[in-house]
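Please open the structure in a viewer and keep the selection tool at hand.

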Amino acid sequence: MDKFRMIFQFLQSNQESFMNGVCGIMALASAQMYSAFDFNCPCLPGYNAAYSAGILLAPPLVLFLLGLVMNNNVSMLAEEWKRPPGRRAKDPAVLRYMFCSMAQRALIAPVVWVAVTLLDGKCFLCAFCTAVPVTVLGNGSLAPGLPPPELARLLARVPCPDIYDGDWLLAREVAVRYLRCISQALGWSFVLLTTLLAFVVRSVRPCFTQAAFLKSKYWSHYIDIERKLFDETCTEHAKAFAKVCIQQFFEAVNHDLELGHAHGALATAPAGSAAPATTDGAEEEREKLRGITDQGTMNRLLTSWHKCKPPLQLGQEEPLMGNGWAGGRPRPPRKEVATYFSRV
Amino acid sequence: MEKFRMLFQHFQSSSESVMNGICLLLAAVTVKLYSSFDFNCPCLARYNTLYGLGLLLTPPLALFLCGLLANRQSVVMVEEWRRPVGQRTKDPGIIRYMCSSVLQRALAAPLIWILLALLDGKCFVCAFSSSVDPEKFLDFANMTPSQVQLFLAKVPCKEDELVRDSPARKAVSRYLRCLSQAIGWSITLLLIIVAFLARCLRPCFDQTVFLQRRYWSNYVDLEQKLFDETCCEHARDFAHRCVLHFFASMQSEMRARGLRRDTAGRRPEPPLMPNGPDGLDGDGGSKAHLRAVSSREQVDRLLSTWYSSKPPLDLVASPGLRAGGLSHRAATVALGTRLPQHTDV
C-alpha cells in the first residue's frame with residue numbers, strides 16, 4: 001500500500017511526472033486497443049487502400065491529440081503565450097521547452113500504435129494486396145489475360161480468406177506471407193528509427209545549450225506549480241468567504257429577530273452573544289480571507305493576476321497601487337529574504 | 001481498503017475532482033454495459049433499422065440524463081438560475097460556465113457508447129443492411145429484387161439458413177462494418193480536434209473573465225454545501241434542545257402533580273439537567289447565532305430568506321435583512337471600496 005501511495009504521490013508531484021504516468025498508460029492502452037479492435041478489411045478494390053490508410057493514420061492522430069488535451073500544460077502554454085507582459089517578462093525559451101516536452105510525451109502512444117500495426121501486418125496486407133507481383137508469385141502466364149478491373153477485384157479479396165476465389169491465379173498463403181514479411185520489416189525499421197532518434201536527441205542535447213535548458217526547465221516547472229498553488233489558494237479563499245458569509249447571514253437573522261421580537265421567546269438567547277461568537281474559529285477564517293472581502297476586489301485580483309503577473313523577485317515590498325489593485329494585504333509586512341533570486 | 005480510501009480522498013479534494021470521478025465511473029459503467037449487452041438483430045425488413053438506430057441512440061440519451069442526475073452541480077446551477085435577485089446580483093456568465101461544465105461531463109458516457117457501437121459495427125450492419133446498393137456486389141446479379149431485399153435483411157444474422165456460409169453475406173457485412181468503423185473513427189477524430197482547439201484557444205479570449213467565472217461558480221458550489229452543513233448542525237442543535245426541554249418539562253410537570261409523595265425508601269432523584277436550559281452554554285459559545293433561531297416559523301423564515309434574498313458578496317457591508325439597516329453595521333461601505341484590513345464585525 002505504501003508503495004502505491006508513494007508512486008501516486010510521486011506522479012502527482014508535478015505536471016511532468018503526472019504526464020509521464022498518463023503517457024505510459026496511454027501507450028499500454030494503445031496496444032490494448034489495437035488488439036481489441038476488430039480489423040475488418042473491406043476486400044473491395046477502391047476501399048482497401050482508404051480503409052487501411054485510415055486505420056494506420058487516424059488512431060495515431062487521435063492518440064496524439066488526446067495526449068495533448070489531457071495535458072494541462074496545453075492551456076498553461078496558451079495562457080503564458082497570450083498573457084500581457086505586465087511586470088513579468090515573457091521568455092520564449094520557456095514556451096519552446098514546454099511545447100517540446102508536451103509533444104514528446106504525446107508522441108509515445110501514436111508511435112506504439114503505428115509500430116504494432118506494422119508488426120501485425122493486417123493493415124499493410126489490406127492496403128497493398130492489389131499491388132502484389134502476380135507474375136512472380138503466382139501463375140504468371142494467366143495474369144495478362146485478365147482485364148485489370150477483374151484482376152484488381154480478385155486480388156482485393158486476398159485479405160479475406162472466406163471469400164477469396166482466386167486460388168487458380170495466386171495462392172492466398174503466398175501473397176499473405178509476402179506482404180506480412182515486408183510489413184514486419186517496415187515495422188522493425190520504424191521501431192529502430194524512432195528509438196535511435198530518441199536516443200540521439202537525449203544524448204546529444206547536453207552538448208548544446210545545457211545551461212539554457214536547465215533555466216527553461218526550472219521556470220517551466222515554476223509556472224506550473226505557481227498556477228496550481230494559485231488555484232488552491234483561490235479555493236481556500238472561496239471556502240473561507242462562504243463560511244463567513246453564511247455565519248454573518250445567521251447572525252443577521254438572529255439580530256433581526258432580536259429587534260423584531262423585543263420580548264417573548266428570544267429572551268433566553270443571550271443578546272450579547274454576537275460579539276464573542278465571532279472569536280472562536282472565526283478569526284482564522286477571516287485571516288484566510290487575507291483582507292479580500294467583497295466581490296469587486298476579488299474580481300480585480302483575478303484580473304490583475306492575468307493581466308499583470310507579479311515580478312519574479314521576492315524580498316521587496318512591491319507597491320501594488322500602480323496596477324489599480326487596492327491590495328488589502330494584512331500587516332505586518334512580510335520580510336522574506338531570499339538568498340538568491342533570478343530574473344527571467 | 002487503504003487504496004480505496006486514498007482514491008476516495010483524492011477525488012473528494014475538490015468538487016471538480018468529484019465530478020471528474022463520477023464522469024470516469026459512468027464511462028467505465030458504459031463500457032461494461034456495452035460489452036455485456038446481448039445484441040439481437042431482428043433480421044426483418046422494417047424492424048432492422050428501427051432496432052439498430054434505437055440501440056445506437058436510446059442508451060446514450062439515458063446515459064446523458066444519468067450524467068446530469070449524478071452531477072450535483074446541475075442542481076446548483078438551476079438554483080442559481082432561478083433564484084430571485086435579492087441583495088446579490090446574478091451573473092449570467094457564471095450560469096453559462098456551470099452549464100457548459102456540467103454538459104461536457106455529462107456528454108462523455110453517451111459519446112463512449114456511440115463510438116463503441118460504431119467501432120464494433122453490429123448496430124450499423126443491422127440498421128443499414130437493407131439499404132445497401134446491390135450493384136456493388138456481383139453476387140446479386142442472379143437474384144430478383146425481392147429476393148435481394150430478403151437476403152439483405154438477413155445479412156446481420158450469421159446463423160440464418162438463407163444466408164449461412166454465403167460469400168455474398170460476408171461481403172456485404174464486411175462492407176458495412178468497414179463503413180461503420182470509418183464513421184466511428186472520423187467522429188472520434190473530429191471530437192478530439194474540437195476539444196484540442198477549445199483547450200488551446202480558450203486563453204486567447206477573455207482569460208480574465210474566465211478566471212472570474214471559474215472562481216465564482218466554485219464559490220456558489222461551496223457556499224451551497226456549507227449552508228447545508230450549517231443547517232444540519234442547526235437542526236441537530238435544535239433537536240437536542242427540544243428533547244432536553246421536553247424531558248425537563250415532563251419532570252417539572254410530575255413534580256407539580258405531587259407524584260413524589262414521600263422520600264422514604266426512595267433514592268434521591270438526581271436533577272435531570274444540572275444546569276437547566278443553560279447547560280448548553282458550555283457547549284460552544286460560537287453556536288450562539290445558530291441557537292437564536294429556535295422555532296419552526298423562524299427556521300422557515302430563515303430558509304425562505306436564504307432563497308429569496310441571498311446576502312451580498314461583501315463581508316464588510318451590512319448583510320442586514322431589513323432595508324432600513326437596523327444593525328449598527330449598516331453605516332459602512334458600499335461595494336468595492338478599500339478598507340483597512342481586519343474587519344471586526
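A salt bridge is a side-chain nitrogen of Lys or Arg within 4 Å of a carboxyl oxygen of Asp or Glu. The model in view is predicted, and the predictor gives the complex an ipTM of 0.72 and a pTM of 0.74.

**First selection: salt bridges**

Across all chains the structure holds 16 salt bridges. Select B:Glu80 and B:Arg83, which form one with their closest N and O atoms 3.2 Å apart. Are these two residues buried or exposed? B:Glu80 has a relative accessible area of 8% and is therefore buried; B:Arg83, at 2%, counts as buried as well.

Next, select B:Arg72 and B:Asp221, whose side chains meet in a salt bridge with an N to O distance of 2.5 Å. This pair links distant parts of the chain, 149 residues apart: B:Arg72 belongs to helix α4 (residues 72-82) of chain B, and B:Asp221 to helix α9 (residues 207-256) of chain B. B:Arg72 counts as partly exposed, at 38% relative accessibility, whereas B:Asp221 counts as buried, at 4%.

Now turn to chain A and select A:Glu150 and A:Arg153, another salt bridge, at 3.2 Å from N to O. Because they are 3 residues apart in helix α9 (residues 148-156) of chain A, about one helical turn separates A:Glu150 from A:Arg153. A:Glu150 is partly exposed, with a relative accessibility of 29%.

Select A:Tyr97 and A:Phe213, an edge-to-face pair with 5.6 Å from centre to centre and 65° between the planes. The two lie 116 residues apart and link distant parts of the chain, A:Tyr97 being in helix α5 (residues 92-106) of chain A and A:Phe213 in helix α11 (residues 210-260) of chain A. Both A:Tyr97 and A:Phe213 are buried.

For another arrangement, select B:Phe227 and B:Trp306: their ring centres are 4.0 Å apart and their planes are at 5°, so the pair is stacked. Since B:Phe227 lies in helix α9 of chain B and B:Trp306 in helix α11 (residues 296-308) of chain B, the pair ties together parts 79 residues apart in sequence. B:Phe227 is buried at 4% relative accessibility, and B:Trp306 is buried at 5%.

Then select A:Tyr34, A:Phe37, A:Trp113 and B:Trp185, which ring pairs link into a cluster.

An unreviewed UniProt entry lists residues 21-37, 49-74 and 182-201 of chain A as "transmembrane region". Select residues 49-74 of chain A: the span is 88% helix and 0% strand, with its end C-alpha atoms 34 Å apart. Residues 182-201 of chain A are 100% helix and 0% strand, and their end C-alpha atoms lie 28 Å apart.

How many helices and strands does chain B have? It contains 11 helices and 0 strands. Of the 345 residues of chain B, 39% count as buried. Chain B exposes about 20200 Å², of which carbon and sulfur atoms supply 62%.

Colour chain B by pLDDT: its mean is 79, and 79% of its residues reach 70 or more. Over residues 267-283 of chain B the pLDDT is below 50, and it stays under 50 over residues 319-345 of chain B. Where pLDDT is low, the predicted coordinates should not be read in detail.

Definitions and conventions. Residues are numbered from 1 along each chain as its sequence is written. Chains are lettered from A and ligands numbered from 1 in the order in which they are written. This is a predicted model: local features need pLDDT of at least 70, side-chain atom pairs count only at pLDDT 80 or more; totals for chains, interfaces and linings use all residues. Side-chain values use heavy atoms; hydrogens and water are left out. pLDDT is the predictor's confidence in each residue, from 0 to 100. Contact means heavy atoms within 4.5 Å. Helices (H or I, at least four residues) and strands (E, at least two) are DSSP runs, numbered from the N terminus. Buried means under 20% relative accessible area, exposed over 50%, partly exposed in between (1.4 Å probe, protein chains only). UniProt positions are given in the numbering used here, feature names are shortened, and annotations may be inferred rather than shown by experiment. Accessible areas come from the Shrake-Rupley method with a 1.4 Å probe; for residues, only the protein chains shown count as cover. Rings of Phe, Tyr and Trp (its six-membered ring) pair if their centres lie within 6.5 Å; planes under 30 degrees apart count as stacked, over 60 as edge-to-face and the rest as tilted.
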